[in-house]
Amino acid sequence: MEKRNLETCIVKLQEAESDNEKFAAMLMVAKTTKSSEMTTEEKKRILDAIGLTFLIRLLKSDSHPEDCSANIYKSMALSVLSGLCADSKLVESTSLYRILKPLNEIIVTKQSNSEELENMVNDAFEVLKMFAGSQQGIKQLMDSGTIASLAKVISKDLYGSSKASDLMTYILHAMRPCIWTGQGKALEKMLNFYAQNMEENQNQEKFELCNFIALILRVMPMDEIDMTEKQPWKTSLLKGIQDIFSSRLGEAQREPALKLVASLIGQVGMEFILPPNTKDNKVLLMIIHLSCIEVRITLENLPIQKVCEKADLLCACYHLLENIIIYLTTSPSLLLDEKQILQLHSAMLGAFHSIIFFLKELSDENNPQGQYQNPVVIATVRVLGAWLAEETSALRTKTYEILPFLLQICKLQLEFSNELSSKEENINADRLKNIKREIDDDTQAMSDALSEGLSLEEQNAKILEVEQDNDEKVKSGEENKSVKKGNCESESKTKENGKEADEKETKGKSVTFKTDLDGENSEPNCVDNANSEGVHVGKETEQMVNGTSKNETEEEEAEEESVYLMDQSTTSVDLLRFLLPGLCHLTSEDDPRKILVDNELLPMLNFYLKRLLKRYFRNDSNDNVVKALELLCNIFLNFAVIEPGLVRKSDHLINVTIVVMEAVPIVGRKTEFTPLWLKMVTLGMFYLRHQSSAIRSVAADDILVHFFICACTFVKGAFINSSKNRKKDVLTVSPHYLPFWEEASQLWFLTIQAMTSCTSMYPQLVKATLVSGMMPQLAKVFIAVQGRDVGEEVIRCVLSLFITMAHCHEQVRNVIKTTGGLQLSKIYDSKELRKELGIAEKGGQEKKS
């Protein structure tokens, strides 16, 4: 637009004294606003001269001059806007979002076959398209109700439905599930429309619809829509899927069909394609067989570059395989006949043979630095982790060959993600220090409560009462000085303990790994962008790589929910978490355990334990972190049972013991009655049993005492005496442990076994025993029940603990004697306990600790 014409337009607009004059000036503007020669600043001047309020009035106006079209005002406003809004910078830098609601009304108008109306709708879509070009613009579309309007255009098949579909696809690719917040009805209408079309269409369009429906499902928040079985979209989708997989499919048809099924199962579960929704299991078996075939064709016949090009399809197949593995191991039987079982196992065996072959090929390239970032590699390792969690006997030799590569991939990924989160971890370290300070401040209250033999609930209530008193004093300014001093002392202790742990950890092999992971002198890895090779990564790959899309901790949100894999998400995915179940099995077997240890599994798990605990302290409700910590405890317990010599001499496992001892009181502060807390207590006791000389030289007394108090709390709190509507008390599992007693009972036996061994090794255990009131509480419960409902193994463990404690420590022996020990020995006919207590009674030959 020439400078002179531009200035003329602006002057006429500014000098207009009425709407008619301004509208007349706009006639000239409409002819020139689409000029590509206009700058953003020039377009902004025109927009300011017209005024948004005037444009909105035109868009809403239903009046018109005589002998003019009924939509002349709307048409003119849209023509001007479509020209101005061709500049994305203008959209982002002004308050143009105010025009969105009028535009929504225009695109959902039931249009007749009018060229003018069609042009209006086209112009409206051009403006909406420009808003969709940025995250902020999409947010404005969402806030203005445009998503619902697009869904209405699509579901009612109004004019512009293809443009609405394209725009919706773009938005779905760009945004998270929050796009549908409050839009459940619109989502259902659109799903019903597309699902019905897919059911009815019997041509290539059926498979094009598969792609779009899969995209909708992948970002669909389940809490926004009605998930009952009778929903029309579910019925139509099931019918369409049955039609597809009962037909002969070529490569072009298999890909969209498998993507759709993967997305659908991910949202509504495997049961959707099983009886009674279907007549039999044939559809499921066909889907799994086709998935296995696609995996084999892709991984066995294509180079890595071509494999990456098929990332979406490959990861959809992985997702299906992972879901069927989980279903087969946790859900009711599929009622397959023997032939079907053999065929299914054979197909999956072939697929995972290809997966291992693919990873072996990558390991032979000796380029782990270039592979650990690849989203396809990450997804492949993840699905292999699902297989190893349930099946370690099949493909045993091949699996062992790639274990070093798997550990190397995980190590590189941990190193990189540790660098990314170093600042955040420093912040969280301050919070951890505060929690430790609070525990130190509460020690006296805890000791007082425990020494009085209170129940766990009463202990917590008393400690909470002390905390509240302290808080009130701090608020009134009476204890500001002491609190500050407490912070300094706690920080000093933390630094000293950290220094001891670091000095211990840096011995032997740990020096190299420690420096790589979190040493001060380590340099950031030069990591290319995840898509540096031009690999297109779609939403199927994102779903398989990143796992769940629910909100978790702040750090995991980046790795589990990221929108684009070309961000750092592929390198911050917690890949090791998916391998932990398999590592539990592998560390219980001699050959793979040796391979894993030789390839630095222990320093990696040592580091990973610290990292997970930091996440856990940040958000106790994170199920993934809790499960990972439980699995880590299982792996470390495998070493305690099978490799006691390694536990005794490994600097890394000694460091694990210190970390666990420090963490147990913090974990138990609010969540004593959880499998995680119990496993950590048991793990700490078992490792202390093997590491007495090393731990006594590096661990502070207060750390040991706090830990032992927790162990005593577990042991004494497992059982209570209860009447259960009977006249006499019987032994009953504590209600806190009852929901998971099958697992907790084994941990209880192991903890008593380890505690019995540790009695003579640690003076701190004596102090914890006396402070906790463990022996009086146990004696009280088992005397009250008089042997009723007391299992033989239970009383044997309890008596063994009493005998050992009485034998080794005079103070404890006296407590046992004065709180019913002799009565206990008579009820359960323990000659050994009577003998120990009898020696104390005669006073002539007391054994000293």
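**Helices and rings: a short tour**

Let's start with one residue. Tyr828 has 15% relative accessibility, so Tyr828 counts as buried. The cut-off for buried is under 20%. Keep in mind that this is a predicted model.

Now, which residue does Tyr828 pair with? Tyr828 forms an aromatic pair with Phe782. A quick reminder before the numbers. A pair of aromatic rings is described by the distance of the centres and the angle of the planes. For Phe782 and Tyr828, the centres are 6.4 Å apart and the planes stand at 70 degrees. That makes the pair edge-to-face, because planes over 60 degrees apart count as edge-to-face.

Where do the two residues sit? Phe782 is in helix 41, and Tyr828 is in the loop between helix 44 (821–827) and helix 45 (831–842). So the pair ties together parts that are 46 residues apart in sequence.

Phe782 is buried too, because its relative accessibility is 1%. And Phe782 has another partner.

The structure holds 15 aromatic pairs. One of them joins Phe719 and Phe782, edge-to-face, with 6.3 Å between centres and 70 degrees between planes. This pair links distant parts of the chain. Phe719 is in strand 1 (residues 719–722), Phe782 is in helix 41 (residues 774–785), and 63 residues separate them. Phe719 has 8% relative accessibility, so Phe719 counts as buried.

Which residues form the aromatic cluster? They are Phe719, Trp741, Trp748, Phe749, Phe782 and Tyr828.

Next, helix 40, residues 763–772. How many of its 10 residues are buried? Seven are, so helix 40 is mostly covered. Among the buried ones are Gln764, Leu765, Val766 and Ala768. Thr769, Val771 and Ser772 are buried as well. After helix 40 comes Gly773, with a positive phi near 70 degrees.

Helix 18 covers residues 311–330, and helix 21 covers residues 375–390. Their axes are 10 Å apart, at an angle of about 15 degrees. Angles under 35 degrees count as roughly parallel, so helix 18 and helix 21 are roughly parallel to each other. The crossing is left-handed.

Which residues meet? From helix 18 they include Leu314, Tyr318, Leu321 and Ile325. From helix 21 they include Val376, Ala379, Val383 and Trp387. Across this contact of helix 18 with helix 21, 11 residues are nonpolar, two are polar and three are charged. The charged side includes Glu322 in helix 18 and Arg382 in helix 21.

Terms used. Residues numbered from 1 in each chain as written. Predicted model: local features only at pLDDT ≥ 70, side-chain atom pairs only at ≥ 80, totals over all residues. Heavy atoms only, no water. Axes fitted to C-alpha atoms, helices over the stretch in contact; angles between N-to-C directions. Helix = DSSP H or I, 4+ residues; strand = E, 2+ residues; numbered from the N terminus. Parallel < 35°, antiparallel > 145°, perpendicular 65-115°, else oblique. Left-handed = near helix turned anticlockwise from the far one by under 90°. Contact = heavy atoms within 4.5 Å. Phe/Tyr/Trp six-rings, centres within 6.5 Å; stacked < 30°, edge-to-face > 60°. Buried < 20%, exposed > 50% of the residue type's maximum accessible area, 1.4 Å probe, protein only.
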